[in-house]
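Take a look at the sequence and the model below. Keep both in view as you read.

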Amino acid sequence: MPHFEYALQRLLQAVPLVLIIIGINFVLIHAAPGDPLDVLLGPSEASPQLIAQMRAEFGLDQPVWVQLWNYYGKVLTLDFGSSFRYREPVIDLIASRLPATLLLMGAALVFGTLIAVTLGILAALRPYSTLDNATTIVALAGYSMPVFWLGQILLLVFALHLDWFPAQGMVSLRAPAEGMGRVLDIAYHLVLPAIAYGIYHVALLFRLTRVKMQDVLSQDYIITARAKGVPEMRVVLRHALRNALLPLVTVVGLNFGFMLAGSVLTETVFAWPGTGRLLYEAILSRDYPLLMGLFTCLATMVVAVNVLTDILYALIDPRVVYR
Amino acid sequence: MPSSTRVSSTARENWRVFARNRFSVVGAALLVGLLMATLAGTVFTPFDPDKIGVGPGLAAPGSAHLLGTDELGRDVFSRVLHGLRVSLFVGFATAALASVVGIVVGSIAGFAGRVADDALMRVTEVFLVVPRFFLAILLMAFFGANLINLVLTIALLSWPEIARLVRAEFLSLRARQFVDAARVAGAGPAELAFGEILPNALGPVIVAGTLLVGQAMLLEAGLSYLGLGDPGQVSLGLMLNQAQSIMRSAWWATAGPGLGIFIAVIGINLVGDGLNDLFNPRARER
């Protein structure tokens, strides 16, 4: 079972990374200017009992290594404390906001990939055509633009001036719909943020698909297939595309962290109620438990996706050699 | 042949390779124009960027105010020039700092190998996996939002990339004959590493360092949009955040600052592509 062993090995390699991520929080609590209690209790006036309770709970009067041990114990049982602002356990807040982020990310990923791959194939088939040049320029622009500014421009043009799409939020507050109407309402709200969010993704995957397709299309087995009289459509889609798409899996997986970062900015622009917007609110109110909880959860997700990407790649590419 | 002509002919040849890609020339022109405008802006801007009421509130772009005014009657064009200066400072300072640290660490790892190499690779792996933007947010929120912390934070998150690159170049260069020749001629380790190998490894580093400037500017814009920029400086990110509340009546307050960042970053990226053509011999053959 080489696959199983490889998967297990990759999972084990990820463990120290997660521990380091948690450790970063601990170091920050202690390295930041001021008393660690300020960070844990927030700006509100805490009663002496609460201060004493927190001191005991975090073991702040004990040696640092005991504190570190306690901290790991808490975080590994998903106890990130309570948010100052919402007065709710951090983990509950994150869990309630995560679906919106995954929806936004999923929509951008699916449509972005379809568009990027289609354009990439067309550009690879006709290099230096008008379509190729135009798409290359747009992709270059997509790389060089702050993602939130693109969101603002879309908002300005398509929501405020043309009034084609809603400007803020995930559902209409005035006429809440049920069932299918609600799904459509969410989809309607999703369009602008997903475009703003997906452009970078399209830019990245377009360039990659174009290069890989050009690469694959010049290989001997493609020439053989054409010589045998295989229809061009079939050559491109079945023989070439399947091999050109392999590296895309890795790139999408490794860019997950970057995409998650983009979600913070996009969700802030469109008031999209996901983890990114939550992070912005946590920054504004200096809600440290919430900030640290979000960092730990999101960074751990990135590590997990990286590991899954590696495993998935090993499964779909028979050429991967297990070491 | 006098040496000055030789230098200028090399420069001309380099420019010819660089300019073969017309986009690179456009990028260079954008960048030079922007730098000049920003430099001019440090001595003279049409209006004091921080002064309230230099014009009517929410005035549309026109001859008096090139990019209009915001809700407090501040001149957007003057503010964009000042904001760009901060943004370019962060970009170049970060890239310089990250490059120096990356070159030193990468050279040591690539030349000394073994323990130093292993240790460095473990550290860079952590930095490559932990999402940079989130770590930057955390650091800025904990240690305070100011210009120095901004540069230190972004540099801290960027040097491992350079270090890996330098290490890889060292690994491929240290077994070459010219290094052996220098060693036989009696060069010490320091001279081999920094006198012989490093100069030949710099090409890709210059390209990566250039692209880093653009990335750092985008990161700075994102952080200050989230309210984590230096509150004492005019910042394009913060301007864009504040412009959102007046978006319906003043599109120019959103368009101006964003366009500034966009032109700067696209200029830098295009120059980076051109430098890549120059330093990457494989691309040069095309």
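## Ground rules

This is a predicted model: local features need pLDDT of at least 70, side-chain atom pairs count only at pLDDT 80 or more, and totals for chains, interfaces and linings use all residues. Residues are numbered from 1 along each chain as its sequence is written, while chains are lettered from A and ligands numbered from 1 in the order in which they are written.

## Chain B as a whole

Chain B has eleven helices and zero strands. The C-alpha atoms of chain B fill a box of roughly 75 × 50 × 30 Å along the principal axes.

Of the 286 residues in chain B, 48% are buried. A residue is buried if 20 or more other C-beta atoms lie within 10 Å of its own, exposed if 12 or fewer, and partly exposed in between, with C-beta atoms placed from the backbone. Two residues are in contact if their C-beta atoms, placed from the backbone, lie within 7 Å. Take the contacts in chain B between residues at least 6 apart in sequence: 71% of them join residues at least 24 apart.

## Where the chains meet

The contact takes 35 residues from chain A and 31 residues from chain B. On the chain A side, six helices each supply at least two residues: H1 (2–31), H6 (130–143), H7 (147–161), H11 (256–270), H12 (275–284) and H13 (288–316). H13(A) gives the most, with seven residues.

The chain A side divides into 29 nonpolar, five polar and one charged residue. Ala, Val, Leu, Ile, Met, Phe, Trp, Tyr, Cys and Pro count as nonpolar, Asp, Glu, Lys and Arg as charged, and the others, Gly among them, as polar.

## The core

The largest nonpolar core has 153 residues. Such a core is a set of buried Ala, Val, Leu, Ile, Met, Phe, Trp, Tyr and Cys residues joined through C-beta atoms within 7 Å. H8(B) gives the most to this core, with 17 residues. Among the residues with the most contacts inside the core are A:Leu291, A:Leu294 and B:Leu138.

B:Leu138 lies in helix H5 (residues 132–143) of chain B. Why does B:Leu138 count as buried? Because 24 other C-beta atoms lie within 10 Å of B:Leu138. Leaving out residues up to four places away in sequence, B:Leu138 touches A:Leu28, A:Leu291 and A:Phe295.

## A bent helix

Helix H8 (residues 189–225) of chain B has 37 residues. A straight helix of that length would span 54 Å, but H8 spans only 47 Å between its end C-alpha atoms. The expected span is 1.5 Å times one less than the number of residues.

Where is the kink in H8(B)? It lies at B:Leu198, shortly before the proline B:Pro199, and is about 55 degrees. The bend at a residue is the angle between axes fitted to the seven residues ending there and the seven starting there.

## Positive phi angles

A:Arg87 is not a glycine, yet its phi is near 55 degrees. It sits in the loop between helix H4 (64–76) and helix H5 (90–125) of chain A. A:Arg87 counts as exposed because it has 7 C-beta neighbours inside 10 Å.

A:Ala271 also is not a glycine, and has a positive phi of about 50 degrees. Its place is the loop between H11 and H12 of chain A. With 14 C-beta neighbours inside 10 Å, A:Ala271 counts as partly exposed.

Notes
Helix = DSSP H or I, 4+ residues; strand = E, 2+ residues; numbered from the N terminus.
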